[in-house]
Amino acid sequence: MDFNKEVFKEKFKNRLDEKYALDVKDATPQELYLTLSSIVRSSYSRYWRKTWKKYMEDGKKQIYYFSIEFLPGRLLMSNLLNMGWLETVRDALKDLDIDLDEIAEVEKDMALGNGGLGRLASAFMDSLASDGLPGNGNGIRYRYGLFKQKFIDGYQIELPNEWLDSGNPWEIRRESKSVTVRLGGKVYLVDRGNYLEPVYEDAQLIKAVPYDTAIVGYKNGTVNTMRLWDAEIPSSEEAKYRTIEQRREVEDLVSVLYPDDSKESGRILRLKQEYFFVSAGIQSIVRHFKKYNKSMNKIGEYIGIHINDTHPAMSVAELMRILVDEEHMSWDDAWKQTVAVMSYTNHTIMAEALEKWPVHIMQQVQPRILQIIQEIDRRFVEEKQGKYARDMIERTRIIKDNQVRMANLSIIGSHSTNGVAKLHTELLKDDVLHDFYVMYPERFNNKTNGITDRRWLQIANPELSKVLDKAIGTEWRQDPTKLQKLLKHQNDNKVLNQIANAKLKNKERLAKFIEKETGIKVSTDAIFDVQIKRLHAYKRQLLKLMHIVKLYLDIKQGKVASDFQPRVFIFGAKAAPSYYYAKAIIKCINEVANMVNNDPEIGDKLKVVFLEDYRVSLAEKIIPAANISEQISLASKEASGTSNMKLMLNGALTVATLDGANIEIKDYVGEDNIFIFGLTKDEVYDYYNNGNYHSYDYYNNHEEIRRVLNAFVDGTIPNCQAEGQEIFDSLTKYNDEYFVLRDFESYVNIQEMVDRTYSNKRHWNQMSLVNIAYGGMFSSDDTIKRYAEDIWNISPLKDEKHG
Ligand code: 26Q
């Protein structure tokens, strides 16, 4: 479409008329949203088709990012921005008396992920397309997204997230690309002379139907694909599904996203989900590959499959199955190709989160896959015998104590294993995966996570974006590292004031939202102090809560420091439904909020706001308004973190432990522009090695800690007897697994430093400017270029531009 404002207005009115037979003034926001999104979709479809064709004709390598979670959030604004339409459309709609932001609010978040890992997958989708790289997503089209969180009486309640109920304008169902996935049953190998043929009995056949979503690159004409699979009953099998229960079992396969980001839950259904999207994805890749390429013996030169955490680890065995059973390749040739195709990212060092599956469950879910894994394991042990000590082989082999260790499978079956921040990768090499590092040093590498500046700055923070355009030009919109040009303006009062002004406007906007959602009135003079991430003990929301209780008691007892600054504490966090400790913390935060917010003696000095249902679209409202970013996990536990990057990019100053990517943030901005506190990773490990942390002593010997902890159990904080006691016990009786008491004093001290710093507004604004300037160093466009060069060996196609 020849694109300008007038053309668009006509098109919009016509489309609304075609679709709904309505005038603009009679249409609901929902109708306006669906009209706009249908125009957007029809105008990128040409580029989508062209990109697809080009990749085929070009015949170069393509990669497929396999992830059991994708968390794109809303797509309207990001598609408009990437097509280069955003400002024109905003203007055009204004002429029609329509507010684009209001229409955008209608869209339900696509929340097919829990947190960091799913969000990273979506950032990578956006960056692959924006870098013009041939990379597609492969995952599951869950009927229900991550649960919707409500607070009732301060408790977290989980409601179903029916994101598809009003229709999803961005997806296309591609019936013709369906494949069949086999689950369960029994398998026998029959000797056919030159190969063994697996014969299946009683297997359940599932029809996997792909739904494709376009991933539009930023003003570059590239449109890639995120393919998500739905499960259906194949028509040939209809007769076998006689009861509602049997039919429901198929629906259930893709019904819910597992809301547990902390531990492997052991449910058979989860393993079926993993095999389902892996098998569907690989079958569809191989089918496509065979159409356009000759030799399966070269598949490693043309196809890359990325295993995002261990959830898709069965990819290794599924590709072996297809190459050996269906393509009749020799085991050795097939193995060589498989290792060349696969690469793997690890996202955690926490032992309880490393996936293991009992052999009998894997047998039940897919017996042929178990056989293949057993054969991979047997050959691995055979090959390493004599080269490594027995116990080292036992530690690294895939099957041990009747459990399939998915990380071991992923590392052995791929050519690359990466961590997600420098410290995390070092810990993998030195500790968690040390044996593998000794065996395969060349396979290990670091890829520090990144974020998309388009969503988190251009879309979420137009106020600041305008200031940046004026100060340093618009180049940063293409290349966020250019934000460093801001550094020249460190002493430029005009720019400093404009940055401060943008922040103030964003705070006003958030304050309005907070009042609308919660009824709480907050002052924009206060420091907006933000902690937004999943609720988990290691992330230490408790440390923040203890600090709030300390300040509350100080004020009540008339002990406020002269440079105390008023604060609004803002939380956003979901707890896994079965994670009772995390839910106890939520309840306590809500009760502290009630106590603090309704105390006239406290007034505007402290407010505590726990916003419900933290999600991508809520993050877009909170982050631009933040002054302080809380990144306070116990050192060594947070693999990387990404909210740390989003918040700094928006000018928040970070209060941080030396954990995950916080260390790299510190290295860029310098110690003077970040607030570092707490134990280092080495200090934490020393405690582990010497076993000499005794949290009860901290309670006993520190008056301040005792005063704060007692408030959880002596009725000071009302309505949370049981939860308060649980927290109290975990920190005293059960030795405080995440060293909250050990880091408390250091945390309080750094927060006093925050107050002193905030009292000098100009200095604060200078620090904020430095953080924005280096925020561009964590662009996922750059991260993905490193993946493309070091791991995948893919390069962009030269392309005509759109937009
Ligand atoms: C596993 C088995 C059964 C059910 C659920 C799961 C499961 C689900 C989600 C296990 C783990 C997750 C998610 C992990 C995650 O989000 N990790 C985060 O990844 C980010 C991106 O690399 C990092 O920045 C964070 O530090 C890390 O915590």
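The structure is a predicted model, in which local features need pLDDT of at least 70, side-chain atom pairs count only at pLDDT 80 or more, and totals for chains, interfaces and linings use all residues. Residues are numbered from 1 along each chain as its sequence is written. Helices (H or I, at least four residues) and strands (E, at least two) are DSSP runs, numbered from the N terminus.

**Domains and their contact**

- The chain is assigned domain 1 (59-74 + 109-449 + 785-792) and domain 2 (477-679 + 747-778); such bounds come from an automatic or database domain assignment.
- Between the C-alpha centres of domain 1 and domain 2 the distance is 36 Å.
- Their contact involves 36 residues from domain 1 and 29 residues from domain 2, where two residues are in contact if their C-beta atoms, placed from the backbone, lie within 7 Å.
- On the side of domain 1 that touches domain 2, at least two residues each are supplied by β2 (70-73), α6, β5 (145-152), β6 (155-161) and α16 (422-432).
- Of these elements, β5 gives the most to that side, with five residues.
- The side of domain 1 that touches domain 2 has 13 nonpolar, 14 polar and nine charged residues. Here Ala, Val, Leu, Ile, Met, Phe, Trp, Tyr, Cys and Pro count as nonpolar, Asp, Glu, Lys and Arg as charged, and the others, Gly among them, as polar.

**Ligand shell**

- Around the ligand there are 23 residues, of which Gly116, Leu117, Asp261, Ala639 and Ser640 come nearest; a residue is near a molecule if its C-beta atom, placed from the backbone, lies within 6 Å of it.
- Domain 1 and domain 2 each provide at least three residues of this shell.
- Helix α6 (residues 116-130) contributes the largest share, three residues.
- By class, the shell holds six nonpolar, 11 polar and six charged residues.

**A six-stranded sheet**

- Six strands form an open sheet in the order β22-β21-β20-β23-β24-β25, with parallel pairing; two strands pair if DSSP finds at least two bridges between them.
- Because β22 (606-610) and β25 (675-676) stand at the edges with a single partner strand each, one side of each has no neighbour in the sheet.
- Strand β20 (residues 527-532) runs parallel to strand β23 (residues 628-631), and two bridges join them.
- Valine 530 lies opposite serine 629 in β23.

**Arginine 242**

- Arginine 242 belongs to the loop between β12 (223-232) and α7 (244-253).
- Arginine 242 is exposed, because 9 other C-beta atoms lie within 10 Å; the cut-off for exposed is 12 or fewer, for buried 20 or more, and partly exposed falls in between, with C-beta atoms placed from the backbone.
- Arginine 242 and phenylalanine 70 are 172 residues apart along the chain, and their C-alpha atoms are separated by 34 Å.
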